[in-house]
Amino acid sequence: MKLYVYEHCPYCVKAMMIFGLKKVPYEKVILMEDDVDTPTNMVGSKVVPILEKDDGTFMPESMDIVHFIDNLDGKPLVTGESVPAIAQWQAEHRETVNSLLYPRFANAPFPELKTDAAYDRYVQRMTGKVGDLDKLLDFTPHFVTQLNRALVFLDSLIVSPEAVNGELSEDDFHLFASLRSLTLVKGLQFPEKIDAYVRTMAKKSDVALLDGMAL
């Protein structure tokens, strides 16, 4: 099977996670940000991730891919209940998280942005969503202060480094994908339980963290 992704994309991280957690081999294919034709020919629109199954058919939507791979052997891992407080925390802080991440995605060495055309398309798309990316970078100290306070509360919700609620659930895919992205931000301070959770989940899912290129 092949999985078409962007390396920076949290939705793609969700899809990549299940392959590592289930130890299912796959080929990862990096699409360029300005490549509209390839995903459109597969699924009708420019989206990622896209799974190419062994039968040659294609599946978009990260959580659909997660559940498809998880149930291939009839022994699903994702059996835990979601906890509303996790989704609520992410919703409350989404604007701050995105304000930190979007300009950093543009300035980090991700392969899907390595050409001028790909980079320009990403900047144009994100500027349309959140405004001038350079100006957002100027507000980094404000956003980091806000989020560091919020992370203290999130830390109190972590039940286990193996699974945020104690048993692997959809919450783990949404939360780890967001926290993995935040390892790109210098100055953020993950409290003890969050740090253990992020590093454990990265190892178990075989999804590398971004702290080595933090900005």
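What span should the 13 residues of helix 1 (residues 10-22) have at 1.5 Å a residue? They should span 18 Å, and the end C-alpha atoms are 19 Å apart, which agrees; the expected span is 1.5 Å times one less than the number of residues, and helices here are DSSP runs (H or I, at least four residues), as strands are (E, at least two), numbered from the N terminus.

Before I go on, this is a predicted model, in which local features need pLDDT of at least 70 and side-chain atom pairs count only at pLDDT 80 or more, while totals for chains, interfaces and linings use all residues. Residues are numbered from 1 along each chain as its sequence is written, and side-chain values use heavy atoms, with hydrogens and water left out.

Helix 1 is mostly covered, with 11 of its 13 residues buried, where buried means under 20% relative accessible area with a 1.4 Å probe, protein chains only. Those buried residues, among them Phe19 and Leu21, pack against partners including strand 1 (2-5), helix 3 (62-70) and helix 10, contact meaning heavy atoms within 4.5 Å. Just after helix 1, lysine 23 takes a positive phi of about 55°.

Leucine 154 touches Ile86, Trp89, Leu175, Leu179 and Ile194, not counting residues up to four places away in sequence.

Conventions:
Buried < 20%, exposed > 50% of the residue type's maximum accessible area, 1.4 Å probe, protein only.
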